[in-house]
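This report describes the fold of one chain and the surroundings of one ligand. Please examine the sequence and the structure before reading on.

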Amino acid sequence: MEEKKKDLLRRLTIISIPFVFVAIPSIVIIVGMLSPHAAEPRDQSSPPAPGRNHSVSMLSTMTGGQMILSCRAAFSGNWEYFHYFILDPYKPQRAFFQPPPPPPSNSGAGAGGEQPYAILCKWGYMGNFLQDVVVFNSSAGYAPRCRVEEGGCHYLFEDGKMFLVTGRPGATTRAAPERRREKTLVGDVVLRECAHVLGVFPTVCRYKPHQHHYVGKIIGRWRWWFNY
Ligand SMILES: *[C@@H]1O[C@H](CO)[C@@H](O)[C@H](O)[C@H]1NC(C)=O
Ligand SMILES: *[C@@H]1O[C@H](CO)[C@@H](O)[C@H](O)[C@H]1NC(C)=O
């Protein structure tokens, strides 16, 4: 009986090897290869107007492994691929984008005038997954600070928390008070802690206690790989 169980486990392990070491990395590589093109400006025909160039950058100081953010841009009920961040600890990555300009003023677009534009990401780290993590929202107060000349928006993942850092380092507060460095908490990321029971059976995991709301919606591994 014990022998049979071990044998079954061994077989399952062998079956899963090609999947874990071939199928999943292939998907990562393919998506990763596509992402530089996806990050290209949406209409290359015209350079963005001054002040249109925005950036978001990501930095993880969590050393358990790579953190992945697969991001898309959502606008006018539609979406398109934006960028795939693969973050090694302490190695920041930055991506540029140009939200669509406001419609011509004679169109009577109503309050705000701008077409809402948001960037949402799927987040993954050590088998924990979230979706709809918003890293840019043209309607949010911080949006102007994501402009390149304002220093861009920087997201920091630290100790299970996500922070937004804006402003330029070392900007003199008297000359440009709005460019002051500011760090605000966005929320917590989901983390589990797992206990190995007897070393044979799949580990027993539970969500770690957390203090703030999660920055996105918890999803499972399958949803992460195959869905937006
Ligand atoms: C946005 O700014 C970055 C950094 O200054 C620059 O490398 C990039 O070419 C700019 N993108 C566009 C479309 O102007
Ligand atoms: C963007 O911000 C606006 C205003 O706060 C909010 O109504 C909207 O739901 C936000 N969009 C996303 C995708 O979070």
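In which sense do β7 and strand β8 pair, and over how many bridges? Strand β7 pairs with strand β8 (residues 161-166) in the antiparallel sense, over five bridges; two strands count as paired if DSSP finds at least two bridges between them.

This is a predicted model, in which local features need pLDDT of at least 70 and side-chain atom pairs count only at pLDDT 80 or more, whereas totals for chains, interfaces and linings use all residues. Residues are numbered from 1 along each chain as its sequence is written, and chains are lettered from A and ligands numbered from 1 in the order in which they are written.

The chain contains two helices and 12 strands; these are DSSP runs, with at least four residues (H or I) for a helix and at least two (E) for a strand, numbered from the N terminus. Their order along the sequence is α-β-β-β-β-β-β-β-β-β-β-β-β-α.

| Pair | Sense | Bridges | Facing residues |
|---|---|---|---|
| β7 and β8 (residues 161-166) | antiparallel | five bridges | Leu156 and Phe163 |

β7 and β8 also form a hairpin with two residues between them. In its turn, Asp159 has a positive phi of about 50°.
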